[in-house]
Amino acid sequence: MNENKVEKKNIFKDFFKSIPNFFIKLKENIKNLTKKSKILLGIVTILVLILILILISSIMVGTRYGNKSGNINNNGFAVKNSGSTIISYINTVDISDNSENYKNSGVFEINSKGKAKIYEVFDEKVYAYSVNKSGNWIYYMKVDENTSSRSIIKTNGKKSITLVENLSSYEKNTDYLLNNYQLMYVVGDYVYYINENLNLSRIKVNGKTKEVIRDEIKVSDFQVYNGYIYINNTDDELIKVNLKDFEDKKHLSSINANDFQVEKEYIYYIDKSDKLVRTNLDGNEEKTIIDKEVKSFNVVDKDIYYFSEYKGESKNENGSTDITNEYAIFKLDIKKNDTIKIVETATSYSHINVVGKWIYYNDKIEGDYYYYTMYRIKTNGEEKQDLMTVIPDSDKKQKSEN
């Protein structure tokens with residue numbers, strides 16, 4: 001046994017000793033080459049190195065997604081940006097009330113210390129949804145409730161470019177407001193969105209190529225994931241379309257979803273009885289995950305964050321206990337089947353965005369019955385923060401300083 005170890009040690013020693021000799025011989029061989037051969041060898045070496053870097057980059061990066069699908073499916077008001085977070089802050093306060101709680105809606109960046117700076121600031125009743133980050137650009141769906149129109153904007157904080165404008169926020173020839181008109185994904189070199197005719201469309205991030213995907217399909221909800229587009233049409237059918245040619249499609253007939261998210265090997269969705277269910281990517285092997293009413297959810301790795309009602313208790317005037325309906329954001333560890341309550345809310349409905357160790361959600365302003373603000377809290381339920389307190393004032397001086 002010891003002899004074998006010594007023999008292996010000598011083999012490695014001889015190998016490493018031979019490396020300098022290899023490079024010495026290589027140097028001598030290159031020195032003997034003609035000038036033309038040296039130039040050619042140099043060009044070939046550079047091309048090989050470039051090819052290796054491209055291959056490594058493609059393996060490491062893969063398809064670029066501008067935001068996580070769970071966030072986009074929850075209005076997309078938070079996205080990771082290196083060590084900070086880009087948020088779309090939506091103000092619901094009527095400024096005619098002269099409220100002290102007023103801050104302009106807009107797109108802001110919050111750093112690791114919890115301080116915010118301005119990217120974009122909007123007029124009253126103008127909001128940003130589906131915030132995506134790709135390269136050096138922030139993409140979002142700008143919704144103007146004053147004109148009932150949508151635009152797709154990209155900004156780097158210094159300049160803004162409109163990729164698509166004047167999209168109606170209403171179904172053609174009706175007054176019905178679309179539930180998911182603000183839905184938008186940035187995947188690879190394309191921005192995917194629902195046009196004014198309820199067709200799924202896409203435009204290149206440089207704004208040069210625009211096309212309609214399957215104009216016979218009317219879309220109410222969709223997600224781009226791993227080479228396919230999953231579409232929930234206006235007839236409540238879930239359809240799986242091949243992203244390469246848009247030709248191959250499959251109706252996932254077992255799925256009747258109000259809301260859905262594709263995550264890894266599963267499709268999670270809220271069914272018609274408002275329970276959270278999942279199937280495999282072909283719509284088979286249906287399983288109920290949360291057997292109670294779920295109003296919104298966001299799947300992140302092995303955890304499901306969801307918004308739901310629970311039964312609380314309160315003391316009445318007679319000193320006896322009343323059962324009350326309360327609301328909160330919960331976290332379910334799928335593998336352990338363990339649920340914890342993250343934070344109670346004053347509202348009966350809230351969207352949930354998760355970025356790193358933070359949950360971003362909307363809730364009523366504390367002490368206010370009508371108006372809402374955005375909060376964030378750690379995924380362990382600690383360090384709750386009202387983001388209105390860190391949003392900077394939106395006057396021209398403040399904007400120029402940022």
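1. Leaving aside neighbours within four places in sequence, Tyr192 is in contact (heavy atoms within 4.5 Å) with Leu183, Met184, Tyr185, Val187, Ser201, Arg202, Ile213, Phe222, Val224, Ile229 and Leu243. The model is a predicted one, in which local features need pLDDT of at least 70 and side-chain atom pairs count only at pLDDT 80 or more, while totals for chains, interfaces and linings use all residues. Residues are numbered from 1 along each chain as its sequence is written, and side-chain values use heavy atoms, with hydrogens and water left out.

2. Tyr192 also belongs to the largest nonpolar core, which has 19 residues and in which Tyr192, Leu200, Val219, Phe222, Val224, Ile229 and Ile231 touch the most other members. A nonpolar core is here a set of buried Ala, Val, Leu, Ile, Met, Phe, Trp, Tyr and Cys residues joined through side-chain atoms within 4.5 Å. At least two residues of this core come from each of β9 (184–187), β10 (190–194), β13, β14 and β15 (238–242). Another core, of 17 residues, lies apart from it and has Trp137, Val143, Met184 and Ile203 among its members. In soluble globular proteins, nonpolar side chains tend to be buried together.

3. As for the chain overall, it has four helices and 28 strands, these being DSSP runs numbered from the N terminus (helices H or I, at least four residues; strands E, at least two). Of its 402 residues, 45% are buried, where buried means under 20% relative accessible area, exposed over 50% and partly exposed in between (1.4 Å probe, protein chains only). Among contacts with a separation of 6 or more, 40% are between residues 24 or more positions apart.

4. Four strands form an open sheet in the order β13-β14-β15-β16 with antiparallel pairing, two strands being paired if DSSP finds at least two bridges between them. Because β13 (219–225) and β16 (249–251) stand at the edges with a single partner strand each, one side of each is left without a neighbour in the sheet. Within this sheet, six bridges join β13 to the antiparallel β14 (residues 228–233), and Phe222 stands opposite Ile231 in β14.

5. A further open sheet of four strands, also with antiparallel pairing, has the order β25-β26-β27-β28; its edge strands, β25 (352–355) and β28 (385–386), each pair on one side only. Strand β27 (residues 372–378) pairs with β28 over two bridges in the antiparallel sense, and Tyr375 has Asp386 in β28 as its bridge partner.

6. The structure holds 13 salt bridges, each defined by a side-chain nitrogen of Lys or Arg within 4 Å of a carboxyl oxygen of Asp or Glu. One of them joins the side chains of Glu211 and Arg202 at 2.7 Å, N to O; Glu211 counts as partly exposed at 26% relative accessibility, whereas Arg202 counts as buried at 11%.

7. Asp291 and Lys275 form another salt bridge, with the closest N and O atoms 2.8 Å apart. This pair links distant parts of the chain, 16 residues apart, with Asp291 in the loop between β20 (287–290) and β21 (294–300) and Lys275 in the loop between β18 (266–271) and β19 (276–280). Asp291 is exposed, with a relative accessible area of 56%, while Lys275 is partly exposed at 29%.

8. Lys378 forms a salt bridge with Glu383, the closest N and O atoms being 3.3 Å apart, and Lys378 is buried, with a relative accessible area of 19%. Lys302, Asp303 and Asp333, in turn, are linked in a network of salt bridges.
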